[in-house]
Amino acid sequence: MAVTLKRLSSIPPFIFRNFPLSTPSRFGSIYNFSVSSTNQTAFPNSMVNSETGADVDDGQEFIKWKNGGGHFHKSACIDPTVVIEIGAIAHPKSVLGANVHVGSGTAIGPCVKIGQFTKIGYNAALSNCTVGDSCVIHNGVCIGQDGFGFFVDEDGNMVKKPQMLNVKIGNHVDIGANTCIDRGRLVIYQL
């Protein structure tokens, strides 16, 4: 089993010599890691790929991220400049842009998209959402979970309202500690 690195963006890298945050991937180059059964080595329980530096556990779909020690799913699309701290995890099909910082204990749910230069604090939980560029999400924030919504049906029973919409956070947003932003529900009125 080996980890392969595929470039998903054809945007050419720009490097400005006097700009302190410049990196070759700063302008949108995003990579996708995948695990294949070729190039097997003699490591008993884990392997290290020489190209990416990512640790791969045999039989597992989550891989240890080289920059910070957290884990990501093999189907996640993560820029090489991202820091995922120990204890944090990026779930399947999540997308993390350039220079994103994910704090320890944070869970990035499936299909979550996070824009470049966004910082996420410790023990946050993000699901069913899109976060823009240059955002700050402080410790303990929960975004995109089910809200508290019930209605009484024809028989007088309390029934949970289905909440199936996604949360969209714009650019340059600062979300305070322990804030909850629930996902919405679709309301269709009949006349």
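Author: Contact means heavy atoms within 4.5 Å. Leaving aside neighbours within four places in sequence, Ile114 is in contact with residues including Val95, Leu96, Ile108 and Leu126. This is a predicted model, where local features need pLDDT of at least 70 and side-chain atom pairs count only at pLDDT 80 or more, while totals for chains, interfaces and linings use all residues. Residues are numbered from 1 along each chain as its sequence is written, and side-chain values use heavy atoms, with hydrogens and water left out.

Reader: Why is Phe148 called exposed?

Author: Exposed means over 50% relative accessible area, buried under 20%, and partly exposed in between (1.4 Å probe, protein chains only). Phe148 has a relative accessible area of 77%, so Phe148 counts as exposed.

Reader: What makes Phe150 partly exposed?

Author: The relative accessible area of Phe150 is 35%.

Reader: Why is the aromatic pair of Phe148 and Phe150 called edge-to-face?

Author: Rings of Phe, Tyr and Trp (its six-membered ring) pair if their centres lie within 6.5 Å; planes under 30 degrees apart count as stacked, over 60 as edge-to-face and the rest as tilted. Phe148 and Phe150 are 5.1 Å apart centre to centre, with 70° between the planes, so this pair is edge-to-face.

Reader: What makes Lys160 lie over the face of Phe150?

Author: A charge sits over a ring if NZ of Lys or CZ of Arg is within 6 Å of the ring centre and within 35 degrees of the ring normal. Lys160 lies over the face of Phe150, at 5.5 Å from the ring centre.
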